[in-house]
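Let us work through this model by question and answer. Each reply ends on the value or name asked for.

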Amino acid sequence: RYIAPLVTAPGAVGLTDDVAMLSGSNTMIATMDTLVEGIHFLAADPLDTVGRKLIRVNVSDIIAKGAEPVEALLSISWPEGRGEGAFVQFIEGLAHDIKTYEISLIGGDLVRIDGPLTVTLTLTGQCFRGEPARRSGGQAGQSLWISDETGWGGAGLKAAKTGQDERVANRYRVPKIGNLDTARTVAEVAHASLDVSDGLFIDVMRLASASGCGALIELETVPLAESTDHLEAIFKQCTAGDDYCVLVSAPENTAVPGFKCIGKLTESLDLTLTLQGRSVNPPSILGFEHSL
């Protein structure tokens, strides 16, 4: 209600997508994400994993648009109570994934605060096909494809809180995201695309709604962190969020290498779920809602 009216650049498409086209360029895009201690990561999380997660949540947006990451601006609001050793640990994690994704850090800001650790990254990307794969390019009848398993974010958060399984906990702290091969596939075949960060069901409907469609998901085809036939357990994994896999729509009978087909876009504007051919009612909460 309040911010969208301020956005006048055509490349921002009214804040209806994950990235904006930079003015004066036909191929460069930009995105920005913020991580806040206690909201996006736990206070007890190793700080190198916070640095890596900051890079990855931004790179995921770029990859889902069919682009490769290029340059970044970094903002760090560092708590008064944290010392230099902790800062070094954060920077080591950041540096690891800056190198992994071949990003050039070109500037930013550093301040001391009396509050939680808050870090922000602005990241640009170069589109492989000249323009980004928007959420809005899908059509009824197109197939829906996902690049990886869903449910690791929720399972990892639980493991991080309980200390039960560090391997699973690190799937939350350092999410697995797509790579440049994923981005090239998006650029080559996707009509619509986004990264699944708030839960599969809610993000499927964001893509579908932006495309003027609804969606049908065949639940038995959805790749899950924990394989199960139990409906409640499936719903839990499809609504937890923090998975950062890529969801695309592509014309029927089009192969999408490295992705798995989980359903299709529909003329009906609703979310339709089936399990082994049987219709099931969607859960009341489809995922994480960003709201005031």
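Q: Which residues does threonine 254 touch, not counting residues up to four places away in sequence?
A: This is a predicted model, where local features need pLDDT of at least 70, side-chain atom pairs count only at pLDDT 80 or more, and totals for chains, interfaces and linings use all residues. Residues are numbered from 1 along each chain as its sequence is written, and side-chain values use heavy atoms, with hydrogens and water left out. Contact means heavy atoms within 4.5 Å. With neighbours up to four places away set aside, threonine 254 touches Trp145 and Val189.

Q: Is threonine 254 buried or partly exposed?
A: Threonine 254 sits in the loop between β9 and β10 (260–266). Buried means under 20% relative accessible area, exposed over 50%, and partly exposed in between (1.4 Å probe, protein chains only). The relative accessible area of threonine 254 is 24%, so the residue is partly exposed.

Q: What distance separates the C-alpha atoms of threonine 254 and aspartate 61?
A: Along the chain, threonine 254 and aspartate 61 are 193 residues apart.

Q: What radius of gyration does the protein chain have?
A: The radius is taken over C-alpha atoms, and the globule rule is 2.2 Å times the number of residues to the power 0.38. The C-alpha trace spans about 55 × 50 × 35 Å along its principal axes. For 292 residues, a compact globule would come near 19 Å, and the chain agrees, at 19 Å.

Q: Among contacts between residues at least 6 apart in sequence, what percentage join residues at least 24 apart?
A: Burial gives some background: 51% of the 292 residues count as buried. For contacts in the protein chain between residues at least 6 apart, the share joining residues at least 24 apart is 83%.

Q: How far does helix α1 reach from its first C-alpha to its last?
A: Helix α1 covers residues 47–64, 18 residues in total. The expected span of a helix is 1.5 Å times one less than its number of residues. For α1 the expected value is 26 Å, and the reach is close to it, at 26 Å.

Q: Why is α1 largely enclosed by the rest of the structure?
A: Burial gives the reason. α1 is largely enclosed because its buried residues number 16 of the 18.

Q: Which residues does leucine 47 touch, not counting residues up to four places away in sequence?
A: Leucine 47 belongs to helix α1. At 3% relative accessibility, leucine 47 counts as buried. Beyond four places in sequence, leucine 47 touches Trp78, Arg82, Ala86, Gln89, Phe90 and Leu117.

Q: With which residues is isoleucine 98 in contact, leaving aside its neighbours within four places in sequence?
A: Isoleucine 98 lies in helix α2 (residues 84–100). Its relative accessibility is 16%, so isoleucine 98 counts as buried. Past those neighbours, isoleucine 98 is in contact with Ile55, Ile103 and Leu105.

Q: Against which elements do the buried residues of α7 pack?
A: Helix α7 spans residues 231–239, and its buried residues are Ile234, Phe235, Gln237, Cys238 and Thr239. They pack against α6 (200–210), β11 (271–275) and β12 (278–280).

Q: With which residues is leucine 271 in contact, leaving aside its neighbours within four places in sequence?
A: Leucine 271 is in strand β11. Its 13% relative accessibility means that leucine 271 counts as buried. Those neighbours aside, the contacts of leucine 271 are Phe201, Met205, Ala215, Ile217, Pro282 and Leu286.

Q: What is the phi of aspartate 242?
A: Aspartate 242 lies in the loop between α7 and β9 (245–250). Its relative accessible area is 19%, so aspartate 242 is buried. Most residues other than glycine have a negative phi. Aspartate 242 is not a glycine, yet its phi is positive, near 60 degrees.

Conventions:
Helices (H or I, at least four residues) and strands (E, at least two) are DSSP runs, numbered from the N terminus.
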